[in-house]
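This report looks at the pockets, cavities, salt bridges and surface of one protein model. Please keep the sequence and the 3D view at hand while reading.

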Amino acid sequence: MAINQKPLILDVEDKPSVGRGLLLSFQHIFAMFGATILVPIILGMPVSVALFASGMGTLIYQVATKAKVPVYLGSSFAYITAMAVAMQQMGGNISAAQTGVMLVGFVYIIAAALVKMLGTKWIDKLLPPIVIGPMIIVIGLGLAGSAVTNAGFVSGGDTRNILVALTTFLVTAFVNIKGKDFFKIIPFLVGLTVGYVVAALLGLVDFTPVLEANWLEVPEFYLPFETGVFNSYDLYFGPETLAILPVALVTISEHIGDHTVLGKIVNREFLKEPGLHRTLLGDGIASAASAFLGGPANTTYGENTGVVGMTRIASVSVIRNAAFIALALSFFGKFTALISTIPSAVLGGMSILLYGVIASNGLKVLIEEQVDFNRARNLIIASSMLVLGLGGAVLDLGFVTFSGTALSALAGILLNLVLPHEESTVPQEEKASKKSAAAVRGRQLSEQL
């Protein structure tokens, strides 16, 4: 059943005017920037390469999916531990980490080929509404801790951070609800700008990196061969490299979940058209290309999906231009330095809304699809997924570790397959009445979002 969503302002194939399109694209840049640069910072990798790889990867993805999916790719957090361990075991050398991520890209390509051969009918069986709904909720709320921490809502938190986060949150919310004309569709850009100004006035912004940066800088690429210009590493296929591959099982599960979320937001089935095989192919090639240049693995970004959900702008043109902007900005040292000065409190205030929007779409799935929680089977599946996904559960099988969204999805899929079905406890007449009422509630919730 299709979800009754608030009508899109711009659908997937629509294009905004040049001026408005640029602002909408910059909104996506700001949404992804904090997380995209955080991964290389943690791993000690060049931020400029991660930004370049983000734009390049998004364009690769758009080509692979025939420009039919409004997805933006950024640095993946899922591989941080595996890459860090590989670097540590290699004495700081990145050869194993980069080779491992390139091989992960090939795993995606193999998975895409298998999906192409087997079709997608199995998706409906493995991912019915009772699994999809909680999965989407976990994807959104699984990131809630990061948003709250960045916003400063922690014990002993700096009141300045809290004030900045609240300002960013409230400005974004009010502009989204009461904004007129074009301002209504760039709430995050407005909220971020106001939050940044307030943060600067409160002394939370350090402009030193901007002053020290050069205007133009070529990204610090690492290549698997000597050039005399860029840094280099070796292709390495030892155990340190192979240990990274099992993480692909986790991220493929997250890939399916992310595209399911986006599909519900824009009322399309992206896993069927352009197809899971194409989305996997784009994601895999993007990660392999990023690793080849010395960047981190790529993944679809929930932050940008949240922007699509809040603004109702699903234009692939906006996403594509954001990718071009990211590529260009990776060469502007002072701009990347300026963006890196955005305080975590500003990003936290934005993220509270972004991640909440994702989770709310999971609720809409359950409402619109008339999931009957009078049935013990449905109650068991949903409750298990939520507790495992949000409770920090970890399943270490030795060759692969499942946690968070991936473990939640795995549990939901298995329980849905093994638990016996039961007769509905709701009479047909009452069920029809509830279906009509739930559809109305779903439309009202969609309009509010």
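## The second largest pocket

A pocket is here an open set of grid points with protein on both sides within 12 Å along at least five of seven lines. The model is a predicted one, and its second largest pocket has a volume of about 510 Å³. The lining of this pocket is made up of 21 residues, among which W122, L126, I252, S253 and I256 are the closest to the centre.

Two or more lining residues come from each of the helices α4 (95-118), α5 (121-126), α12 (247-266), α13 (271-292) and α19 (404-418). Of the elements that contribute to the lining of the second largest pocket, α19 has the largest share, with six residues. By class, the lining of the second largest pocket consists of 20 nonpolar residues and one polar residue, with no charged residue.

## Enclosed cavities

Rolling a probe the size of a water molecule over the atoms shows where empty space is left. The count of cavities of 30 Å³ or more comes to three, and the largest cavity holds about 50 Å³ of space. Which residues line the largest cavity? The lining is formed by I139, D258, V261, T300, Y301, G302, T305 and I358.

Helices α12 and α14 (302-311) each supply at least two residues to the lining of the largest cavity. The lining of the largest cavity divides into four nonpolar residues, three polar residues and one charged residue.

## Salt bridges

Side chains of opposite charge can pair when their charged atoms come close. The structure holds six salt bridges, including one in which the side chains of R268 and D11 meet at 3.1 Å, N to O. This pair links distant parts of the chain, with R268 in the loop between α12 and α13 and D11 in the segment before α1, 257 residues apart. R268 has a relative accessible area of 27% and is therefore partly exposed, and D11, at 25% relative accessibility, also counts as partly exposed.

Another of the salt bridges joins the side chains of K68 and E273, at 2.6 Å, N to O. Because K68 lies in the loop between α2 (47-64) and β1 (73-75) while E273 lies in helix α13, the pair ties together parts that are 205 residues apart in sequence. K68 counts as partly exposed at 30% relative accessibility, and E273 is partly exposed with a relative accessible area of 41%.

A further salt bridge is formed by the side chains of R160 and D158, at 3.1 Å, N to O. R160 is partly exposed, with a relative accessible area of 34%, and D158 counts as partly exposed at 28% relative accessibility. Salt bridges that share partners also join D11, E13 and R268 into one network.

## The segment before α1

The segment before α1, in which D11 has its place, also contains I9. The C-alpha atoms of I9 and S315 are separated by 9.1 Å, although these residues are 306 residues apart along the chain. Is I9 buried, exposed or partly exposed? The relative accessible area of I9 is 46%, so I9 is partly exposed.

## A nonpolar surface patch

On the surface, V148, F153, V154, L166, L170, F174 and I352 form a nonpolar patch, and their accessible area together is about 570 Å². Helix α8 (residues 159-178) gives the most to the nonpolar patch, with three residues. L166, one of the residues of the patch, has its place in helix α8, and with a relative accessibility of 37% L166 counts as partly exposed.

In helix α3 (residues 80-89), the buried residues are I80, A82, M83, A86 and M87.

Note on methods:
Residues numbered from 1 in each chain as written. Predicted model: local features only at pLDDT ≥ 70, side-chain atom pairs only at ≥ 80, totals over all residues. Heavy atoms only, no water. Patch = residues over 30% accessible without salt bridge, like charges linked within 9 Å, V, L, I, M, F, W, Y side chains within 5 Å. Areas by Shrake-Rupley, 256 points an atom, 1.4 Å probe, with all protein chains shown as cover. Salt bridge = Lys/Arg side-chain N within 4 Å of Asp/Glu carboxyl O. Helix = DSSP H or I, 4+ residues; strand = E, 2+ residues; numbered from the N terminus. Buried < 20%, exposed > 50% of the residue type's maximum accessible area, 1.4 Å probe, protein only. 1 Å grid on protein atoms, 1.4 Å probe; cavity = no way out; pocket = protein on both sides within 12 Å on 5 of 7 lines; lining within 4 Å. Points joined across faces, edges and corners; volume = space filled by probe spheres on them. Nonpolar A, V, L, I, M, F, W, Y, C, P; charged D, E, K, R; others polar.
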